[in-house]
Amino acid sequence: MTDQPKRTRAGAVARATAAELDDLGLDPKTSAAAAAALRLAKVMDCTDDPKELAAAGRELRQTMNTARGLAPPKALGDRVDQLADRRQRRLSAPAGKGTG
């Protein structure tokens with residue numbers, strides 16, 4: 001056994017985790033939870049030990065739950081929001097052609 005830390009590489013789990021973090025709007029450079037999730041994903045990609053894989057998987061799941069809770073809410077808007085937005089644009093448009 002060596003004292004050197006294991007090298008980690010970005011594989012499928014790390015790519016999927018990075019994509020989800022990006023979708024959540026979390027940057028691993030500014031969010032500890034995002035950075036930890038990415039590191040755990042890389043550990044999962046690199047390990048051959050089933051126990052280490054299981055532990056990293058559990059921790060990744062918990063860390064991603066925390067990260068999802070920290071993510072800013074998305075403004076998705078439903079049909080009512082779309083109608084209100086159209087109405088607001090119509091009302092704020094300059095009085096113009098053919099409205100009279």
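## The nonpolar core

Let's start inside: of the 16 residues in the largest nonpolar core, those that touch the most other members are L21, L24, L26, A37, L60, M64 and A67. A nonpolar core here is a set of buried Ala, Val, Leu, Ile, Met, Phe, Trp, Tyr and Cys residues joined through side-chain atoms within 4.5 Å. Buried means under 20% relative accessible area, exposed means over 50%, and partly exposed lies in between, using a 1.4 Å probe and protein chains only. At least two residues of this core come from each of α1, α2 (32-46) and α3, and α2 gives the largest share, 7 residues.

This is a predicted model, in which local features need pLDDT of at least 70, side-chain atom pairs count only at pLDDT 80 or more, and totals for chains, interfaces and linings use all residues. Residues are numbered from 1 along each chain as its sequence is written, and side-chain values use heavy atoms, with hydrogens and water left out.

## The overall fold

The protein chain has 4 helices and 0 strands, running α-α-α-α from the N terminus on. Helices (H or I, at least four residues) and strands (E, at least two) are DSSP runs, numbered from the N terminus. Of the 100 residues in the chain, 24% are buried. Among contacts with a separation of 6 or more, 66% join residues 24 or more positions apart; contact means heavy atoms within 4.5 Å.

## How α1 meets α3

Helix α1 (residues 12-24) packs with helix α3 (residues 50-70) at an angle of about 15°, and their axes are 11 Å apart. The pair is therefore roughly parallel, a label for angles under 35 degrees, with over 145 being roughly antiparallel, 65 to 115 roughly perpendicular and the rest oblique. Axes are lines fitted to C-alpha atoms, for helices over the stretch in contact, and angles run from 0 to 180 degrees between N-to-C directions.

On the α1 side, the contact is made by V13, T17, E20, L21 and L24, and on the α3 side by L60, M64, A67 and R68. By class, that is 6 nonpolar, 1 polar and 2 charged residues. Ala, Val, Leu, Ile, Met, Phe, Trp, Tyr, Cys and Pro count as nonpolar, Asp, Glu, Lys and Arg as charged, and the others, Gly among them, as polar.

## Two residues to look at

Leaving aside neighbours within four places in sequence, L60 is in contact with V13, T17, A37, L40, A41 and M44.

P73 sits in the loop between α3 and α4 (79-92) and counts as exposed because its relative accessibility is 78%. The C-alpha atoms of P73 and L24 are separated by 8.5 Å, although these residues are 49 residues apart along the chain.
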